[in-house]
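Welcome! Please take a moment to look over the sequence and the 3D structure, and then read the briefing below.

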Amino acid sequence: MALLILFLNIFNIYAADIEVDTNIRYQTFQGWETGLSIVSHTGTLMGTDTTYKYITDDLMDLMVDSIGVTRCRIEFRSGVENTNDNWQDMIDGKMTYDEWKGFRYLTVNDNDDPNDLDMSGFHFSELDNKIEVGLLPLKNKLEESGQKLYINLCYVAFAGNLSNEEYIQDDPAEYAEVVLAAFKHISEKYGFTPDALEVILEPDVAKFGDGKLVGECIVATGDLLKDNGFTPDFIALSNTNMNNAVNDNYLTKFLNVPRVLEYWKEFSYHAYTGRTDENFIKIADIGKQYNVRTSMLEWWNLGHKYDFIHKSLKLANNSSYQYMSSISAPLEGSDHYAYMGTEFISPDNYNIDLKVRTKYASQYIKNIRPGDVRVEATSNDPNVDPLAFIDKNGNLKFIIMCETKTQIEIVNLEAGDYNIFYTSGNGVSTITNYEKTIYKGRIEEGDHYKIDIPSKSILVIKKEMVTSSVNEIDNSIKVYPNPTNNFINIDFESKQKESLSIELIDINGNFIRELYQGISELGTNKFNFDLANLSSSVYLLKFTFNGMSITRKISKAN
Ligand SMILES: [Ca+2]
Ligand SMILES: [Ca+2]
């Protein structure tokens with residue numbers, strides 16, 4: 001197997017090369033996560049918003065097709081363990097939102113035995129609301145397109161103000177019981193099981209001890225869930241601060257818990273502080289050492305831009321990533337860290353658009369897919385920073401961050417059909433070119449192809465499988481005049497440069513002559529053939545495009 005493949009040669013006055021080594025492999029990408037906020041696109045609570053149902057379908061289309069999200073975090077709060085359904089009381093107007101906030105992490109034990117689960121002591125109405133308005137529509141939309149939503153059930157307990165009687169789930173056995181209650185409730189009511197449990201959101205902010213307690217909760221819960229037929233991936237430690245993600249109080253104590261590695265699948269962190277290269281690299285090393293995925297799962301901040309995604313995938317080897325929390329927020333005004341903005345006027349009159357920074361981020365989200373394996377790609381120009389992946393079919397793709405205007409020359413690219421496009425702008429607001437196509441079609445081995453990047457951009461180069469492009473020709477083909485006395489003109493549009501043959505066949509299917517053999521042009525293709533010496537009859541023109549054929553009937557008259 002070849003060790004080193006030189007794919008790109010970038011030249012400007014600071015000539016640069018990108019080298020790819022497909023034998024050096026890093027993370028296998030797992031999923032792009034969204035949160036499911038309880039605040040809707042109007043800035044009101046999902047549970048009370050009556051307009052959401054009108055836009056759900058359009059929102060989910062955009063989430064799946066234009067952004068590319070494949071995973072969701074669905075949160076349940078410690079306060080589900082309570083004799084009273086406080087969320088429902090708030091929805092029913094029996095308490096205010098602020099009053100509900102005082103109850104949402106407060107626990108009332110179902111009974112005094114953590115090994116005796118009394119389901120009547122748990123209420124999941126808030127979780128159900130998020131499942132019904134957010135999770136199920138997203139799950140269904142992904143499944144329509146043959147994809148699968150990865151569901152991360154996340155436990156939240158910001159119980160800092162509560163007494164030890166009011167918060168009881170910092171006992172591994174009680175913690176395991178509330179998680180089992182949630183798994184049972186979801187699987188019995190909705191017929192699916194979460195793929196993962198994110199053990200505790202931000203233990204360094206929540207009232208939840210140290211890494212030892214997180215580890216003990218994983219072991220207790222893993223055992224109890226397994227006894228009940230549930231085997232989710234366990235995601236931890238989810239610290240707020242990247243310094244805490246790798247320190248002794250959390251990581252070392254966590255790793256010292258016996259059997260924790262039996263269940264731990266993903267090393268998660270949030271990026272509110274401690275975003276140093278040193279921490280990124282430590283996280284990548286831990287992932288490698290313990291054979292767990294790494295993931296950045298929260299940084300709700302307007303400073304969260306695509307360059308941070310790029311760095312996280314490259315330095316921390318992230319397999320999973322949460323870019324934003326809410327699906328949609330108001331189009332203008334307070335942001336809620338949403339993927340999209342919506343202006344709702346009436347059921348027939350509303351506008352939805354991707355937030356500008358989502359348009360940049362989606363260059364990563366949409367083009368790096370679950371199952372893609374990152375491979376080594378290096379550049380000798382700091383202004384041209386490549387990420388390279390191999391997809392499930394063995395096709396290479398590049399996401400290249402270009403800091404400035406540059407010219408790239410592609411050489412030695414493996415032959416195939418390529419889609420090359422870029423998005424340019426400052427990464428925050430103005431987009432000067434959004435997914436502008438540079439080239440779409442066939443590149444042969446040895447072809448030289450020049451790309452001009454006008455300014456700071458994200459350049460995407462993808463090798464793609466072309467399947468039914470013959471349909472594009474079929475829809476656009478024009479053959480005239482017909483009948484003809486001598487010359488015949490053929491016009492059609494092609495979105496690909498592909499192998500093309502045009503043959504003349506008689507009405508009994510016998511081959512008469514080849515009219516053309518070559519490669520189609522991108523855009524309009526025009527041909528003109530002299531048929532003067534054919535005898536008058538009906539003939540077929542057989543077009544074979546990328547191995548697939550269509551025919552057109554023509555009449556020859558004298
Ligand atoms: Ca209990
Ligand atoms: Ca109990």
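Glu435 counts as partly exposed in this predicted model because 15 other C-beta atoms lie within 10 Å; a residue is buried if 20 or more other C-beta atoms lie within 10 Å of its own, exposed if 12 or fewer, and partly exposed in between, with C-beta atoms placed from the backbone. Glu435 also has a positive phi, near 50°, and is not a glycine. Glu435 lies in strand S19 (residues 431–443). Helices (H or I, at least four residues) and strands (E, at least two) are DSSP runs, numbered from the N terminus.

Residues are numbered from 1 along each chain as its sequence is written, while chains are lettered from A and ligands numbered from 1 in the order in which they are written. As the model is predicted, local features need pLDDT of at least 70 and side-chain atom pairs count only at pLDDT 80 or more, whereas totals for chains, interfaces and linings use all residues.

**Backbone details to look for**

- Most residues other than glycine have a negative phi, and most peptide bonds are trans.
- Arg259 has a positive phi too, near 70°, and sits in the loop between helix H8 (248–255) and helix H9 (260–263).
- With 13 C-beta neighbours inside 10 Å, Arg259 is partly exposed.
- A cis peptide bond, with omega about 15°, links Ala236 to Leu237, and Leu237 is part of strand S7 (residues 233–241).
- Another cis bond runs from Asn482 to Pro483, with omega near 5°; Pro483 is in the loop between strand S22 (478–480) and strand S23 (487–494).

**The overall layout**

- The chain has 13 helices and 28 strands.
- Its domains, whose bounds come from an automatic or database domain assignment, are domain 1 (5–26 + 371–464), domain 2 (30–76 + 124–365) and domain 3 (470–556).
- The centres of domain 2 and domain 3, taken over C-alpha atoms, are 55 Å apart.
- Along the principal axes, the C-alpha atoms fill a box of roughly 100 × 50 × 45 Å.

**What is packed inside**

- Of the 558 residues of the chain, 43% are buried.

**Strand S21 and its partners**

- In strand S21 (residues 457–464), six of the eight residues are buried.
- S21 pairs with strand S16 (residues 396–402) in the antiparallel sense over six bridges; two strands pair if DSSP finds at least two bridges between them.
- Strand S18 (residues 416–425) also runs antiparallel to S21, joined by eight bridges.
- Leu459 in S21 is the bridge partner of Ile400 and stands opposite Tyr422.

**How confident is the prediction?**

- The average pLDDT (the predictor's confidence in each residue, from 0 to 100) is 91 for the chain, and 95% of the residues score at least 70.
- Over residues 1–15, pLDDT stays under 50.
- Where pLDDT is low, the predicted coordinates should not be read in detail.

Note on methods. Contact = placed C-beta atoms within 7 Å.
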